Number of protein chains: 2
Amino acid sequence: MIIIGEKINGSIPSVGRAIEAKDAGFIKNLAKVQSEAGSDFIDVCASVEVSRELQTLKWMIDVVQEATETPLAVDSPSAEVCAKAIDFCNKPGLVNSVSMEGNKVEVVFPKIANTKWECAALLCDDTGIPKTAEKRLEVFEALMKKAKEYRIDPSRLHVDPLVEMLATSEDGINVIVKVMKEIRKQYPTIHVTGAASNVSFNLPARKIVNQAFVVLAVNAGLDSVILDPLNRDIRGLIYATEALLGNDEMCIEYINAYRKGLFGTQKPL
Amino acid sequence: MIIIGEKINGSIPSVGRAIEAKDAGFIKNLAKVQSEAGSDFIDVCASVEVSRELQTLKWMIDVVQEATETPLAVDSPSAEVCAKAIDFCNKPGLVNSVSMEGNKVEVVFPKIANTKWECAALLCDDTGIPKTAEKRLEVFEALMKKAKEYRIDPSRLHVDPLVEMLATSEDGINVIVKVMKEIRKQYPTIHVTGAASNVSFNLPARKIVNQAFVVLAVNAGLDSVILDPLNRDIRGLIYATEALLGNDEMCIEYINAYRKGLFGTQKPL
């Protein structure tokens with residue numbers, strides 16, 4: 001499972017305050033603990049007004065790169081900002097994200113075409129988030145056409161089929177499960193990603209819905225996830241699910257992660 | 001989801017002591033709390049030597065029936081004891097269990113043939129628990145032949161495909177998932193049951209493995225489960241999974257169960 005650590009995001013109040021105060025120690029610590037918890041990418045999102053987003057991101061990226069060797073996920077709603085922030089990074093990471101909206105792909109794909117950068121891609125376009133699995137797969141097809149055009153190998157893409165909230169869904173997560181399975185079937189080396197917590201919006205006991213969702217999503221092909229890597233419940237469930245699905249013979253990875261203190265009641269390292 | 005409450009079992013030390021001491025109040029309380037937590041059947045298992053098993057079961061059944069209207073699951077490794085204990089019950093319940101071992105089916109099926117009793121059936125025979133899905137489905141086929149012979153409708157059967165422990169498994173729970181799906185495909189009205197906790201034997205943080213297992217099992221067709229109905233984590237995950245699978249439109253059952261206090265941090269009733 002590819003873990004994208006989500007804790008350095010200016011929309012989280014304590015992080016927003018640290019960004020305003022240029023509190024490098026606070027940001028460095030978040031980078032360090034997420035790296036130690038086994039994150040594959042450290043997401044860096046400024047969440048400030050556009051006029052100072054790029055300079056804020058530069059400061060954040062510099063600070064995080066002083067604290068850890070873990071690659072970054074440069075995170076902005078603006079494809080232009082993502083493309084420019086790539087230059088601040090001292091090694092290839094993940095662009096978070098493009099979609100088929102506007103010219104996002106045309107801005108980012110040429111920039112990463114001949115690099116080792118990976119890229120998250122949301123399955124929406126200028127019409128919004130398609131309702132049916134078929135329509136979402138049409139957006140996926142258009143995306144893959146662009147990827148081919150710029151020679152971005154499928155293994156460098158993290159496709160996010162965009163889970164919607166369960167509270168107002170008529171058929172649960174069936175659309176997403178269908179899309180996930182089809183994507184993995186068409187491109188076995190592609191990554192399927194998603195946020196672990198959007199699904200439970202507006203429901204009580206959200207944690208429980210998130211937990212069940214992660215298990216079902218891993219079963220459907222999710223192999224990359226944006227989450228708090230210090231969330232011990234979810235981490236444990238992911239290791240357990242991989243073992244139950246037969247992807248962890250003799251439960252060796254499960255047991256090792258437990259021994260490292262990544263989940264369970266054992267004292268964390 | 002059909003809930004078979006497992007708490008009245010003489011192999012649990014506190015219950016064993018209550019049975020020895022003929023502590024009817026203790027047993028009655030376990031019956032009452034499990035009934036209030038929404039159990040569909042209250043399992044009653046003596047776990048004493050064969051010579052006094054039937055008389056012990058009679059006492060237990062009498063006590064439980066004084067405490068609750070919920071039907072019983074008469075639970076014994078002996079098919080003869082199950083068949084005789086049926087006569088102690090004042091309404092139809094569940095026989096727990098038969099298998100294709102020895103003459104178990106021939107002892108129990110004629111007894112429940114023209115009744116509303118339901119019956120749990122394990123997919124093992126005199127050769128033990130078959131290793132492959134194909135062999136287990138052969139045992140299932142033999143079982144269904146017997147059921148047909150005695151006119152036991154599939155909707156009265158709770159088939160337990162026998163989950164083995166993950167710690168020594170080479171392919172996770174893939175065999176079980178395949179068997180569960182095939183059983184439900186062949187007989188859409190049949191019930192698929194199982195114990196929620198055997199799978200995690202010999203692993204650390206067992207609770208996490210059990211949680212992930214239940215979600216995957218419900219996804220594969222599990223609609224009947226033997227568990228502690230007061231286990232709030234598992235109950236919540238089952239409600240969440242049903243909603244995620246599209247079996248609970250607008251999450252109404254999930255939200256109602258939460259309001260009743262069956263799971264979540266809300267104070268239980």
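Analyst: In this predicted model, A:Glu49 and A:Arg52 form a salt bridge whose closest N and O atoms are 3.1 Å apart. The term denotes a side-chain nitrogen of Lys or Arg within 4 Å of a carboxyl oxygen of Asp or Glu. Both partners are partly exposed: A:Glu49 has a relative accessible area of 43%, and A:Arg52 has one of 26%. On this scale, buried means under 20% relative accessible area and exposed over 50%, with partly exposed in between (1.4 Å probe, protein chains only). The pair also belongs to a network of salt bridges, in which A:Glu20 is linked with A:Glu49 and A:Arg52. Over all chains, the count comes to 30 salt bridges.

As to conventions, residues are numbered from 1 along each chain as its sequence is written, while chains are lettered from A and ligands numbered from 1 in the order in which they are written. Local features need pLDDT of at least 70 and side-chain atom pairs count only at pLDDT 80 or more, whereas totals for chains, interfaces and linings use all residues; side-chain values use heavy atoms, with hydrogens and water left out.

Two salt bridges of chain B connect separate parts of the chain. In one, the side chains of B:Lys91 and B:Glu69 meet at 3.6 Å, N to O. B:Lys91 sits in the loop between helix H4 (79–85) and E4, and B:Glu69 in the loop between helix H3 (53–67) and strand E3 (72–75), so this pair ties together parts that are 22 residues apart in sequence. Helices (H or I, at least four residues) and strands (E, at least two) are DSSP runs, numbered from the N terminus. B:Lys91 counts as partly exposed at 29% relative accessibility, whereas B:Glu69, at 62%, counts as exposed.

In the other, B:Lys178 meets B:Glu134 at 2.9 Å, N to O. Here the partners lie in two helices of chain B, B:Lys178 in H7 (residues 174–186) and B:Glu134 in H6, so the parts tied together are 44 residues apart in sequence. Both side chains are partly exposed, with relative accessibility of 47% for B:Lys178 and 44% for B:Glu134.

Helix H6 of chain B leads on to the sheet. H6 (residues 133–149) lies across strands E4 (94–100), E5 and E6 of chain B and runs at about 140° to E5(B). Such angles run from 0 to 180 degrees between N-to-C directions, the axes being lines fitted to C-alpha atoms, for helices over the stretch in contact. The sheet itself is open and parallel, with eight strands of chain B in the order E7-E6-E5-E4-E3-E2-E1-E8. Strands E7 (191–192) and E8 (224–227) stand at its edges with a single partner strand each, so one side of each is left without a neighbour in the sheet. Strands count as paired if DSSP finds at least two bridges between them. In chain B, E5 (residues 118–125) and E6 (residues 157–160) pair in the parallel sense over four bridges, and B:Ala120 stands opposite B:His158 in E6(B).

B:Arg151 has phi near 55°, a positive value in a residue other than glycine, and is exposed, with a relative accessible area of 72%. In chain A, A:Ser47 likewise has a positive phi, near 55°. A:Ser47 is placed in the loop between strand E2 (41–45) and helix H3 (53–67) of chain A and is partly exposed at 40% relative accessible area.

The peptide bond from B:Asn96 to B:Ser97 is cis, with omega near 15°, and B:Ser97 lies in E4 of chain B. In chain A, the bond from A:Asn96 to A:Ser97 is also cis, with omega near 15°, and A:Ser97 is found in strand E4 (residues 94–100) of that chain.

Helices H1 (residues 13–20) and H2 (residues 24–36) of chain B pack at about 135°, with axes 8 Å apart. H1(B) and H2(B) are therefore oblique to each other; angles under 35 degrees count as roughly parallel, over 145 as roughly antiparallel, 65 to 115 as roughly perpendicular and the rest as oblique. B:Ser14, B:Val15, B:Ala18 and B:Ile19 of H1(B) make the contact with B:Phe26, B:Ile27 and B:Leu30 of H2(B), contact meaning heavy atoms within 4.5 Å. The residues of this contact divide into six nonpolar, one polar and no charged. Here Ala, Val, Leu, Ile, Met, Phe, Trp, Tyr, Cys and Pro count as nonpolar, Asp, Glu, Lys and Arg as charged, and the others, Gly among them, as polar.
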